[in-house]
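The following note sets out points for a colleague to check against the coordinates. Please read it beside the sequence and the model.

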Amino acid sequence: MSSIPMIEQTAGKGAARAAQRGLGARRRGAPGGTMRRPGFLTYGFLGAVILGSVFPLWWSFLVGSHDSSVISQGVPLVPGGNFFANAATVLDSVPFWKALSNSIIVSTVTAASVVLFSTLAGFAFAKLRFRGSKALLVFVIATMAVPTQLGVVPLFIVMSKLGWTGSLWAVIVPGVVTAFGVFWMTQYLRDALPDELIEAVRIDGASMIQAFWYVGLPAARPAAAMLALFTFVATWTNFFWPFIVLDPSNPTLPVALQLLQAAHFVDYSIVLAGAVLSTIPLLLLFAVAGRQLVSGIMQGAVKG
């Protein structure tokens with residue numbers, strides 16, 4: 001379409017203006033145009049938070065690298081030499097690779113659908129004017145106060161009627177959009193996307209869906225990246241609903257790791273070795289997408 005380059009050019013100019021406003025805000029944020037450096041207390045607090053966050057994973061690795069008798073002897077201080085043997089036991093005891101592929105499929109599809117539908121809804125709530133929009137947004141936010149456990153029985157009945165119990169669709173479909181995602185994208189687009197930019201592309205002949213695709217979606221990229229990461233992690237670690245609706249032969253990773261616990265004896269070295277294995281993909285994800293996450297946090301914090 002001939003108007004698309006004009007739309008993209010207008011969007012680029014709008015992004016440049018937004019960046020200039022953000023730079024000016026950062027320069028005005030401190031006296032004399034200089035940024036105030038964090039002090040010793042700030043670094044000390046951040047260091048304590050990092051240590052507190054890393055310690056559970058490190059402790060799991062320590063226990064997972066020993067045999068089952070290490071729990072009765074106290075917390076080990078150095079890693080043992082049994083981690084790979086315990087990891088091999090995990091791979092032999094549960095359908096680990098099938099559970100890993102199921103978790104990747106469920107988490108990826110759920111994160112992508114949440115980002116798409118939440119960005120569409122957020123764009124509509126933030127930039128479109130229609131009757132009842134505020135009341136509808138309040139209703140969507142109010143659903144966040146309803147505990148998930150209250151909807152388990154009717155949701156399971158629906159999945160059973162559809163014949164989806166035991167399949168991954170029963171885990172994916174209930175999470176295709178979230179109230180938090182809609183609220184998050186609405187708040188971000190309301191501040192980050194100028195109304196004048198949408199009006200400019202509409203004057204150039206673009207439809208509203210084209211304005212969303214070529215202007216709204218690029219502007220929402222930092223917030224969408226954060227929402228995708230948080231949704232992926234939340235879906236990856238979700239145990240409650242997959243444990244109810246999936247079969248032991250077709251589990252996700254948290255459900256598969258639960259199968260490591262025997263009826264009368266729990267070998268914590270095996271269980272924690274499996275927990276470390278299930279955490280490695282998340283660590284790789286944050287290592288790859290961490291820069292985008294930090295960029296999204298910074299751009300979301302700066303108000304143009």
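1. Burial and basis. Of the 304 residues in the chain, 36% count as buried, where buried means under 20% relative accessible area, exposed means over 50%, and partly exposed lies in between (1.4 Å probe, protein chains only). This is a predicted model, in which local features need pLDDT of at least 70 and side-chain atom pairs count only at pLDDT 80 or more, while totals for chains, interfaces and linings use all residues. Residues are numbered from 1 along each chain as its sequence is written, and side-chain values use heavy atoms, with hydrogens and water left out.

2. Confidence. The average pLDDT of the chain is 82, and 82% of the residues score at least 70; pLDDT is the predictor's confidence in each residue, from 0 to 100. Residues 10–16 have pLDDT below 50, and this stretch makes eight contacts in the model beyond near neighbours in sequence. Residues 22–33 are also below 50, with seven contacts beyond near neighbours in sequence. A contact here means heavy atoms within 4.5 Å. Where pLDDT is low, the predicted coordinates should not be read in detail.

3. Secondary structure. The chain has 14 helices and zero strands; helices (H or I, at least four residues) and strands (E, at least two) are DSSP runs, numbered from the N terminus. Among contacts between residues at least 6 apart in sequence, 75% join residues at least 24 apart.

4. Nonpolar cores. Which residues have the most contacts inside the largest nonpolar core? They are V90, V94, F96, W236, L253, L260 and L277, in a core of 20 residues. The term denotes a set of buried Ala, Val, Leu, Ile, Met, Phe, Trp, Tyr and Cys residues joined through side-chain atoms within 4.5 Å. At least two residues of this core come from each of helix 3 (83–93), helix 4 (96–127), helix 11 (221–236), helix 13 (253–258) and helix 14 (268–301). Helix 14 supplies the largest share, six residues. A second, separate core has 18 residues, among them F123, L189, V201 and A224.

5. Leaving aside neighbours within four places in sequence, L277 is in contact with F83, A87, V90 and F96. V276 lies in helix 14 and counts as buried because its relative accessibility is 8%. Not counting residues up to four places away in sequence, V276 touches L57, S60, F61 and F83. The C-alpha atoms of V276 and A87 are 9.1 Å apart in space, although the two residues are 189 apart in sequence.

6. Helix 11. This helix has 16 residues and reaches 22 Å from its first C-alpha to its last, close to the 22 Å expected at 1.5 Å a residue; the expected span is 1.5 Å times one less than the number of residues. Its buried residues include P222, M226, L229, F232 and W236.

7. Aromatic pairs. The count comes to nine aromatic pairs, taking rings of Phe, Tyr and Trp (its six-membered ring) as paired if their centres lie within 6.5 Å, with planes under 30 degrees apart stacked, over 60 edge-to-face and the rest tilted. F232 and W236 form a stacked pair, at 5.7 Å centre to centre and 20° between the planes. Both residues lie in helix 11, four residues apart, about one turn of the helix. An α-helix has 3.6 residues a turn, so residues three or four places apart point the same way. W58, F61, F83 and F84 form one aromatic cluster.

8. Salt bridge. How many salt bridges does a search of the whole structure find? The search finds one, a salt bridge being a side-chain nitrogen of Lys or Arg within 4 Å of a carboxyl oxygen of Asp or Glu. D195 pairs with K127, the closest N and O atoms being 2.9 Å apart. The pair links distant parts of the chain, with D195 in helix 9 (residues 195–203) and K127 in helix 4, 68 residues apart. D195 counts as partly exposed because its relative accessibility is 31%, whereas K127 is buried, with a relative accessible area of 14%.

9. L120. This residue lies in helix 4, and L120 counts as partly exposed at 32% relative accessibility. Leaving aside neighbours within four places in sequence, L120 is in contact with I209 and F212. The C-alpha atoms of L120 and T186 are separated by 9.2 Å, the two residues being 66 apart along the chain.
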